[in-house]
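Here is a set of questions and answers about salt bridges in one structure. Each answer sets a value against a definition.

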Amino acid sequence: MKQPEIESCGIEEIDNDEYWPLSGKPYVDMILSKSSVKPLYNLYMPKKMTSLLPSAGAPAVLTCGRKKWEMFYDGAKSNHKFNEWRKFVDDNNLKEGDGLVFELSECNASKIHFRVQILRGDFPEELVPEDLEGGNSDNPIQIG
(Lines give C-alpha, C1' and ligand atoms only; values in the text may rest on other atoms or scores of the structure.)
Protein backbone atom coordinates (compact mmCIF):
# COMPACT_ATOMS: atom_id res chain seq x y z
CA MET A 1 0.00 0.00 0.00
CA LYS A 2 1.43 3.33 -1.06
CA GLN A 3 1.93 5.86 1.75
CA PRO A 4 0.30 9.25 1.20
CA GLU A 5 2.74 11.99 0.31
CA ILE A 6 3.16 14.78 2.82
CA GLU A 7 2.84 18.16 1.22
CA SER A 8 5.76 20.44 1.97
CA CYS A 9 5.11 23.84 3.48
CA GLY A 10 8.54 25.00 2.27
CA ILE A 11 10.11 25.25 5.74
CA GLU A 12 12.40 22.28 6.36
CA GLU A 13 12.09 22.34 10.17
CA ILE A 14 8.29 22.21 10.03
CA ASP A 15 8.30 19.56 7.30
CA ASN A 16 10.55 17.42 9.53
CA ASP A 17 8.26 17.84 12.58
CA GLU A 18 10.84 19.88 14.47
CA TYR A 19 8.37 22.66 15.33
CA TRP A 20 4.71 22.37 16.18
CA PRO A 21 2.15 24.30 18.18
CA LEU A 22 1.96 23.44 21.87
CA SER A 23 -1.01 21.24 22.74
CA GLY A 24 -2.01 22.81 26.05
CA LYS A 25 -0.20 20.16 28.10
CA PRO A 26 2.38 21.23 30.70
CA TYR A 27 5.62 22.54 29.23
CA VAL A 28 8.78 24.28 30.26
CA ASP A 29 11.21 26.28 28.17
CA MET A 30 14.85 26.93 28.90
CA ILE A 31 18.03 28.32 27.39
CA LEU A 32 20.97 25.94 27.65
CA SER A 33 23.84 27.14 29.82
CA LYS A 34 27.50 26.05 29.72
CA SER A 35 26.82 23.33 32.27
CA SER A 36 23.98 21.83 30.20
CA VAL A 37 26.25 20.96 27.27
CA LYS A 38 29.82 19.74 26.70
CA PRO A 39 31.74 18.82 28.80
CA LEU A 40 29.50 18.72 31.90
CA TYR A 41 26.12 17.70 30.42
CA ASN A 42 24.04 18.71 33.44
CA LEU A 43 20.42 19.61 32.78
CA TYR A 44 18.19 20.20 35.76
CA MET A 45 14.44 20.29 35.21
CA PRO A 46 12.88 23.48 36.62
CA LYS A 47 10.69 23.19 39.71
CA LYS A 48 7.65 24.11 37.61
CA MET A 49 8.06 20.76 35.84
CA THR A 50 9.54 18.57 38.60
CA SER A 51 6.42 19.05 40.70
CA LEU A 52 4.55 17.09 38.00
CA LEU A 53 7.11 14.28 37.63
CA PRO A 54 7.55 11.17 39.82
CA SER A 55 9.95 12.06 42.63
CA ALA A 56 11.32 8.50 42.61
CA GLY A 57 12.17 8.80 38.92
CA ALA A 58 10.95 6.78 35.94
CA PRO A 59 11.94 5.67 32.45
CA ALA A 60 11.68 8.61 30.06
CA VAL A 61 11.50 9.19 26.34
CA LEU A 62 12.46 12.45 24.65
CA THR A 63 11.00 12.83 21.16
CA CYS A 64 12.42 15.48 18.89
CA GLY A 65 11.42 15.57 15.25
CA ARG A 66 11.10 11.96 14.15
CA LYS A 67 13.68 10.57 16.58
CA LYS A 68 13.40 9.23 20.13
CA TRP A 69 15.89 8.97 22.98
CA GLU A 70 15.24 6.56 25.82
CA MET A 71 16.70 7.46 29.18
CA PHE A 72 15.88 7.52 32.86
CA TYR A 73 14.68 10.54 34.78
CA ASP A 74 16.39 10.18 38.16
CA GLY A 75 13.94 12.30 40.13
CA ALA A 76 14.79 13.86 43.46
CA LYS A 77 17.70 11.49 44.17
CA SER A 78 19.88 13.24 41.57
CA ASN A 79 18.46 16.76 41.48
CA HIS A 80 15.94 15.97 38.73
CA LYS A 81 18.35 15.03 35.94
CA PHE A 82 18.19 12.65 32.96
CA ASN A 83 20.86 9.93 33.01
CA GLU A 84 21.38 9.85 29.21
CA TRP A 85 21.25 13.59 28.57
CA ARG A 86 24.72 13.52 26.96
CA LYS A 87 23.45 11.39 24.05
CA PHE A 88 20.58 13.80 23.33
CA VAL A 89 22.95 16.80 23.42
CA ASP A 90 25.55 15.19 21.16
CA ASP A 91 23.05 13.74 18.68
CA ASN A 92 21.40 17.15 18.28
CA ASN A 93 24.64 19.15 18.37
CA LEU A 94 23.25 21.35 21.14
CA LYS A 95 25.23 24.37 22.22
CA GLU A 96 25.16 26.96 24.95
CA GLY A 97 22.46 29.49 24.08
CA ASP A 98 20.15 27.05 22.29
CA GLY A 99 16.58 27.06 23.54
CA LEU A 100 14.53 23.97 24.34
CA VAL A 101 10.82 23.50 24.91
CA PHE A 102 9.88 20.34 26.83
CA GLU A 103 6.19 19.47 26.50
CA LEU A 104 5.03 16.74 28.86
CA SER A 105 2.83 14.44 26.77
CA GLU A 106 2.67 11.46 29.14
CA CYS A 107 3.57 11.02 32.78
CA ASN A 108 3.04 8.21 35.25
CA ALA A 109 5.19 6.13 37.60
CA SER A 110 6.30 3.82 34.79
CA LYS A 111 6.89 6.27 31.92
CA ILE A 112 7.56 9.94 31.20
CA HIS A 113 7.34 11.23 27.65
CA PHE A 114 8.46 14.69 26.53
CA ARG A 115 8.14 16.19 23.08
CA VAL A 116 11.15 18.48 22.69
CA GLN A 117 11.58 21.41 20.32
CA ILE A 118 15.04 22.84 19.70
CA LEU A 119 15.37 26.55 18.98
CA ARG A 120 18.90 27.22 17.79
CA GLY A 121 20.65 30.12 19.49
CA ASP A 122 22.90 30.90 16.55
CA PHE A 123 22.88 34.60 15.86
CA PRO A 124 22.72 35.32 12.10
CA GLU A 125 26.28 35.99 10.95
CA GLU A 126 25.25 38.88 8.73
CA LEU A 127 23.98 40.76 11.81
CA VAL A 128 27.21 40.45 13.81
CA PRO A 129 29.61 43.38 13.26
CA GLU A 130 32.92 42.29 11.71
CA ASP A 131 35.00 43.60 14.62
CA LEU A 132 32.88 41.84 17.27
CA GLU A 133 33.13 38.30 18.48
CA GLY A 134 30.42 36.99 20.71
CA GLY A 135 27.56 34.65 21.17
CA ASN A 136 28.41 33.02 24.48
CA SER A 137 28.10 33.94 28.14
CA ASP A 138 31.77 35.01 28.38
CA ASN A 139 31.45 37.42 25.48
CA PRO A 140 27.74 38.11 24.78
CA ILE A 141 26.38 39.97 21.79
CA GLN A 142 24.71 43.16 22.97
CA ILE A 143 21.83 44.54 20.99
CA GLY A 144 20.71 48.10 21.28
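Asp-91 has a relative accessible area of 38% and is partly exposed. This is a predicted model, in which local features need pLDDT of at least 70 and side-chain atom pairs count only at pLDDT 80 or more, while totals for chains, interfaces and linings use all residues. Residues are numbered from 1 along each chain as its sequence is written, and side-chain values use heavy atoms, with hydrogens and water left out.

Q: Why is Asp-91 called partly exposed?
A: Buried means under 20% relative accessible area, exposed over 50%, and partly exposed in between (1.4 Å probe, protein chains only). Asp-91 has 38%, so Asp-91 is partly exposed.

Q: What makes the contact of Asp-91 with Lys-87 a salt bridge?
A: A salt bridge is a side-chain nitrogen of Lys or Arg within 4 Å of a carboxyl oxygen of Asp or Glu. The closest N and O atoms of Asp-91 and Lys-87 are 3.2 Å apart, so the pair counts. Both residues lie in helix H3 (residues 85–91), four residues apart; helices are DSSP runs (H or I, at least four residues), numbered from the N terminus.

Q: Why is Asp-98 called buried?
A: The relative accessibility of Asp-98 is 2%, so Asp-98 falls under the limit for buried.

Q: How do you know that Arg-120 and Asp-98 form a salt bridge?
A: Their N to O distance is 3.4 Å, so the pair meets the rule.

Q: How many salt bridges does this rule give?
A: The count is three.

Conventions
Helices (H or I, at least four residues) and strands (E, at least two) are DSSP runs, numbered from the N terminus.
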